[in-house]
Amino acid sequence: MEHADMVQDLPLGVQIFAELRQANLIYVDKTALIYNLVKAKKGFYFLSRPRRFGKSLLLSTFESLFRFGLRDFKGLAIEKLWYEDKTYPVINLDLSKCTNFNTLEEFIILYNGIVENAFADAGLSIPEPKFTDEPLSLRLDRLFRQLAPSQHPVLLIDEYDAPLNYCLDKPDLLKAVTKLLSLFYITVKSYAGKLRFFFMTGICKYRE
C-alpha cells in the first residue's frame, strides 16, 4: 500500500509546468538541456516540431524559470546549475488563440487584443495609439524604446504560424496577415538587445 501511494500519475493533457510540478506528476527531467539554452544572457531560438511534441510545455517551463526562479524546480538538475537570482517580465504570446477571423479587420482586433493582454500580464503596458489605426508594431516600438536599461523581458511565442494556417484557403487574407505579422517580428528583431531571451515555436515554415 505504501508503494502504491508513491506511484506518480502521467501528466496527460497538462501543458503548464507549474501545475505539473505542484501535482507531483511524472516529469522526465530535461532541465539540464534547458539550462544550456537559457544560460546565455541573450538568445533567440525557433523550434519546429510536429503537434503534441511538448512545445507548449517547454514554453511554460521557460516561463516558470524566468518569472519565478527555482520555485518549481526543486530536485531537478537545473536547481544546481541556475545562478540568477533575478526574475524577469515574461511575455507569453499564444497565437493558437488567434484563429477565428474572416477579414483583416477581424484579425487585427483579435491579434491586437491577444498581444496587449500578453504584455499586460507581464506588467508591460503597450502605449495607446497616437492616431486612428496606428499599427501595433509602432506602438510596440515606442514601448521597447521606453524600457529601462534594467528591464530585459522574456518573449515566448507559441504556434507563431497558427493565424497563417487558419487562412491558407484565402490567399489575399493570408498575404495581408503575413505582412502584419512580419512587421511585429521586424520590431522584435530590432530590439534584440532589450530581450533576455526569445523562443518561438511553430509547425510550418512561412516567408513573406
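# Questions on a predicted model

Visitor: Does Thr201 count as buried or exposed, and at what relative accessibility?
Guide: In this predicted model, Thr201 has a relative accessibility that falls under the 20% limit for a buried residue. Thr201 therefore counts as buried, with a relative accessibility of 0%.

Visitor: In which strand does Thr201 lie?
Guide: Leaving out residues up to four places away in sequence, Thr201 touches Phe46, Leu47, Lys55, Leu59, Ile157, Asp158, Glu159 and Tyr160. Thr201 itself is part of a strand, and that strand is β4.

Visitor: Where is the place of Glu159, one of the residues that Thr201 touches?
Guide: Glu159 is a residue other than glycine, yet its phi is positive, near 55 degrees. At 17% relative accessibility, Glu159 is under the 20% limit and therefore counts as buried. Its place is in the loop between β3 (154–158) and α7 (162–166).

Visitor: What is the phi of Asn24, which is not a glycine?
Guide: Asn24 lies in the loop between α2 (17–22) and α3. Although Asn24 is not a glycine, its phi is positive, with a value of about 55 degrees.

Visitor: Against which elements do the buried residues of α3 pack?
Guide: The buried residues of helix α3, which spans residues 31–38, are Thr31, Ile34, Tyr35 and Val38. They cover an arc of only 105 degrees around the axis, so they are on the same side of α3. The elements that these buried residues of α3 pack against are α4 and β4 (197–202).

Visitor: Which element gives the most to the lining of the second largest pocket?
Guide: The second largest pocket has a volume of about 470 Å³. Of the 23 residues that line this pocket, the closest to its centre are Ile16, Glu63, Asn92, Asp94 and Lys97. The elements that give two or more residues to the lining are α4 (55–68), β2 (90–94) and α5 (104–121). With 7 residues, the element that gives the most is α4.

Visitor: With which residue does the side chain of Glu63 meet in a salt bridge?
Guide: Glu63 is among the residues closest to the centre of the second largest pocket, and Glu63 is buried, with a relative accessible area of 16%. The N to O distance is 2.9 Å, and the partner is Arg67.

Visitor: What N to O distance is found where the side chains of Asp141 and Arg145 meet in a salt bridge?
Guide: Asp141 and Arg145 are 4 residues apart in helix α6 (residues 136–146), so they are separated by about one helical turn. Asp141 counts as partly exposed at 22% relative accessibility, whereas Arg145 is exposed, with a relative accessible area of 51%. Their side chains meet in a salt bridge, and the N to O distance is 2.8 Å.

Visitor: Are Arg142 and Glu134 buried or exposed?
Guide: The side chains of Arg142 and Glu134 meet in a salt bridge with an N to O distance of 2.5 Å, and the count for the model comes to 6 salt bridges. As for accessibility, Arg142 and Glu134 are both buried.

Visitor: Which residues does Ser137 touch, not counting residues up to four places away in sequence?
Guide: Ser137 is found in helix α6, where Ser137 is buried, with a relative accessible area of 12%. Beyond the residues up to four places away in sequence, Ser137 touches Leu183, Phe184 and Thr187.

Visitor: By what distance are the C-alpha atoms of Leu124 and Leu76 separated?
Guide: Leu124 lies in the loop between α5 and α6 and counts as buried at 7% relative accessibility. Leaving aside neighbours within four places in sequence, Leu124 is in contact with Pro89, Ile91, Phe119, Leu143, Leu147, Gln151 and Pro153. Leu76 is 48 residues apart from Leu124 along the chain, and their C-alpha atoms are separated by 31 Å.

Note on methods:
Residues numbered from 1 in each chain as written. Predicted model: local features only at pLDDT ≥ 70, side-chain atom pairs only at ≥ 80, totals over all residues. Heavy atoms only, no water. 1 Å grid on protein atoms, 1.4 Å probe; cavity = no way out; pocket = protein on both sides within 12 Å on 5 of 7 lines; lining within 4 Å. Points joined across faces, edges and corners; volume = space filled by probe spheres on them. Salt bridge = Lys/Arg side-chain N within 4 Å of Asp/Glu carboxyl O. Buried < 20%, exposed > 50% of the residue type's maximum accessible area, 1.4 Å probe, protein only. Arc of directions from axis to C-beta. Contact = heavy atoms within 4.5 Å.
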